[in-house]
Amino acid sequence: MARYDLDVTNEHCPMTFVKTKIALNKLQKGDVLDVRLLDGEPLENVPRSAVEQGFKVLSVKETDTKGVYNVEIEK
């Protein structure tokens, strides 16, 4: 199992999930992608869309920066 990071804090929906999905598709089964994103629409859509696409959301946690979250997604 490997871990990878993706920062989509500068992106807007739907690009937040588009970039997340592209990154996830490059991973091997069991790998984990840590996605940094903003509160609001990205935080609602990325975890939901990941589950709908068959990925597993391991955790959603706010970072030390207010309004920025880390979502762990396993392929």
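## A walk through the salt bridges and a helix pair

Arginine 48 is partly exposed, because its relative accessibility is 42%. Keep in mind as we go that this is a predicted model. Arginine 48 forms a salt bridge with glutamate 52, with 3.6 Å between the closest N and O atoms. The two residues sit four apart in helix α2, so about one helical turn separates them. Glutamate 52 counts as exposed, since its relative accessibility is 57%.

Another network of charged side chains comes next: salt bridges with shared partners join Arg3, Asp34 and Glu72. The structure holds four salt bridges. In one of them, the side chains of glutamate 72 and arginine 3 meet at 2.3 Å, N to O. This pair links distant parts of the chain, as glutamate 72 lies in strand β4 (residues 68-74) and arginine 3 in strand β1, 69 residues apart. Glutamate 72 is buried, at 16% relative accessibility, whereas arginine 3 is partly exposed, at 42%.

Glutamate 11 also has a salt-bridge partner, lysine 19, with the closest N and O atoms 2.9 Å apart. Glutamate 11 is partly exposed at 23%, and lysine 19 is partly exposed at 34%.

Now look at the loop between β1 (3-7) and α1, where proline 14 is found. Most peptide bonds are trans. The bond from cysteine 13 to proline 14 is cis, with omega near 10°.

Finally, turn to the helices. The axes of α1 (residues 15-25) and α2 (residues 41-52) come within 9 Å and cross at roughly 35°, in a right-handed crossing. Thr16, Phe17 and Thr20 of α1 meet Pro42, Val46, Ser49 and Ala50 of α2. By class, this contact has four nonpolar, three polar and no charged residues.

Terms used: Residues are numbered from 1 along each chain as its sequence is written. This is a predicted model: local features need pLDDT of at least 70, side-chain atom pairs count only at pLDDT 80 or more; totals for chains, interfaces and linings use all residues. Side-chain values use heavy atoms; hydrogens and water are left out. Axes are lines fitted to C-alpha atoms, for helices over the stretch in contact, and angles run from 0 to 180 degrees between N-to-C directions. A crossing is left-handed if the near helix is turned anticlockwise from the far one by less than a right angle, and right-handed if clockwise. Contact means heavy atoms within 4.5 Å. Ala, Val, Leu, Ile, Met, Phe, Trp, Tyr, Cys and Pro count as nonpolar, Asp, Glu, Lys and Arg as charged, and the others, Gly among them, as polar. Buried means under 20% relative accessible area, exposed over 50%, partly exposed in between (1.4 Å probe, protein chains only).
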